[in-house]
Amino acid sequence: MRVWHIGFWALWVLTPVLADTPTATDATPKGHYVVSSPHHVISFEIDERDGWPTYQILRFGKPVIAPSHLGFILKDAGKFTYDLRVSAANPNAQSVDQTWEQPWGERRYVHDHHAEQTFHLIEKKGMHRSMDLVVRVFDDGVGFRYAFPDQEHLHDVAIADELTEFNIADPATAWWMPWGESHDTELLYGRTPLTELSTAHTPLTLRTKDHVHIEIHEAALVDFAGMYVQRSDEQHLRAHLVPASEGWAARRTAPFQTPWRMVVITDSAAALYESNMELNLNEPNALGDVSWVQPGKFLGIWWEMFHETWTWASGPKHGATTEHAKRYIDFAAAHHFRGLLIEGWNEGWDSNWAGDGSSFSFTRPYPDFDLPAIAAYARQKGVHLIGHHETGGDTSNYEAQMGAGFDLYQSLGIDAVKTGYVADADQIHHQDAAGLKRTEWHDSQYMSNHYLKVVAEAAKRHIMIDSHEPIKDTGLRRTYPNWLSREGSRGQEYNAFGIPVNPPEHETNLVFTRMLGGPMDFTPGVFDLKHIRPCCSVPTTLMKQLALYVVLYSPVTMAADRIEAYAARPDAFRFIEDVPTDWAETRVLNAEVGDYVTIARKDRHSEDWYLGSITDENGRWLSVSLGFLDPGRHYRAEIYRDGPAAHWDTHPYDYVIESREVSATDTLPLRLAPGGGEAIRFVALPIPKRAH
Ligand code: NOJ
Ligand code: CA
């Protein structure tokens, strides 16, 4: 289904309010315009306040973003923010109301309903430089981007920093992670009053005293520096651009557009998660037929390395051997997994590779890993190998070999690759055209281009990408549907690293922070919860590990543990075998950021529904209405729940698996243990034939 309905000029969306019109008050600044959302929930206002182009965002007439400035600092060309005339490009805003279909995702159809207007911002004096602000107003927030037309004094544009402000009107609580730390995006999310925030990565999540939920983020980060925010005083936030090694942040030739700055505003955590604004702000699929893009679950020669029983490096404990690979392929085939990831297969792991990466070969396997034979064995068993390209942050070494690496995989029928960039946050290294060694941030303009270059090279060969240590997700999966997933936050692996392990509330934070950006390869499904290494145990119940398959969305999802751990608990493993990774529909049934969340999703390829519910360190008693089920049918609910004594620390294996028949009129109680969870498969039962 593709429903287009663009281009009629709506009456309700734009109200130009000039200072001398009867509707304006004495205080109304010059050049004042209002753009309202389709159902008048959100309005965006812009004017020339004291010479600064200034915007604010209101929800039901109440300011959410108080007056905030716009603009940039240009490298060696001054500020571009003051004494600008604001004018609307069109007499009325344009209304867009369309539904588009995703090749894969949390839901099959996405509704995009918004009002769009463009404003010209032109210097009143001097060089009369101009830029445009393109604004889209949805019922759940606003996206705006700057567009630089080509002009005499702005052709080769070097931007030193951005001056966009987000002044939060009401006192708010923030869930945030500082920008600029060496662990980059792999820190725990903190929860503080907004007045204690320093710098923050986006998505940044806020909740005001009136329970208004706000996400500040960006969409369509292409050929530009990533944006982070810094608090200047009180509740005043300002955008900053990640600097490049050359002394600017972003350099472009006009005409060009920046990524969208987006502010999602809802009255619940559930609605914040359900927003489609980020995807709607991205461009449609640029790859054409993507039927070769196939979501699915995978196993890995991987978690043994975290147990330190196997190694990435060669030697007596080498994990990526032909023998291990065949054993994992057999298990994957027997349990109907699409994929098998094998890390440590290629030369380069024996040196101190993290933050270096110069020794990695992307075509030469270790001698005990017979890649062609393993690929043939996997093919014969119907298992798809997932290739692995760890770069250690050396993008020049990788780019020099990337084509050959993808060619090799393509020749062997390997159609998915996990990439990796293990290096401190500002230590991605490359040689520029002049042979100069440079270091960059993972979210710099250079890297925004690098990650997309990898995705494009992979797409040419019909290969899917799952990036680790990625740039943040800004919804580019819509445009490049082979960019399936990424890590980009503290994944399950930290439950093996320690420093410390992820606390029980971690995943309830992730859903409303990191995951607002898009899918995360979290690697759920660890069954051996205790003492992965002497330091570390997983602080969840076993049932919470199952619930994560529904709660933490990723089209490619790992069953992260060793196959022996699954063979030992076939009853619980059954849920992982059954759960799909591609959905027709998604509903958040209840949620509080950082405390608990229950999500129901409908399988894209059957009539079955799945539910996952997780809690933080506190046990909870929730009840959910099953009204999301098809009212015309009955379902067998296969319930995987915490037992009466379950507790993440003392009794993680106390669980109950039971079945009962349910329908849409039922309400189900959920008893979640401290650090616990519940997973349910609703199997649609055949509709009984009517008697004649
Ligand atoms: C970090 C990734 O998160 C992990 O999954 C991977 O195994 C290592 N890098 C090595 O590439
Ligand atoms: Ca909590």
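I began with the elements that line the largest pocket of this predicted model. Helix H3 (303–307), strand S28 (384–390) and helix H8 (494–497) each supply at least two residues of that lining. I then looked up which of the elements gives the largest share, and found H8, with 3 residues.

For the volume of the largest pocket I noted about 670 Å³. I listed 31 lining residues, and the closest to the pocket centre are Glu 186, Val 422, Glu 469, Glu 493 and Phe 497. Sorted by class, the lining of the largest pocket holds 14 nonpolar, 11 charged and 6 polar residues.

Next I turned to the second largest pocket, with a volume of about 240 Å³. Its lining has 14 residues, and Pro 295, Gly 296, Lys 297, Pro 580 and Thr 581 are the closest to its centre. Strand S26 (296–301) and helix H13 (570–578) each contribute at least two residues to the lining of the second largest pocket. The class count for the second largest pocket came out as 6 charged, 4 nonpolar and 4 polar residues.

Last, I looked at a sheet. I traced 4 strands in the order S8-S7-S14-S23; the sheet is open and its pairing antiparallel. Its edges are strand S8 (79–80) and strand S23 (250–253), each of which pairs on one side only.

I then checked the pairing of S23 with strand S14 (residues 156–162), which is antiparallel and runs over 4 bridges. Which residue in S23 is the bridge partner of Asp 156? I found Thr 253 there.

Notes
Residues are numbered from 1 along each chain as its sequence is written. Chains are lettered from A and ligands numbered from 1 in the order in which they are written. This is a predicted model: local features need pLDDT of at least 70, side-chain atom pairs count only at pLDDT 80 or more; totals for chains, interfaces and linings use all residues. Side-chain values use heavy atoms; hydrogens and water are left out. Two strands pair if DSSP finds at least two bridges between them. On a 1 Å grid over the protein atoms alone, a cavity is a set of points where a 1.4 Å probe fits but cannot get out, and a pocket is an open set with protein on both sides within 12 Å along at least five of seven lines; lining residues have an atom within 4 Å of a point. Grid points are joined across faces, edges and corners, and a volume is the space filled by probe spheres set on the points. Ala, Val, Leu, Ile, Met, Phe, Trp, Tyr, Cys and Pro count as nonpolar, Asp, Glu, Lys and Arg as charged, and the others, Gly among them, as polar.
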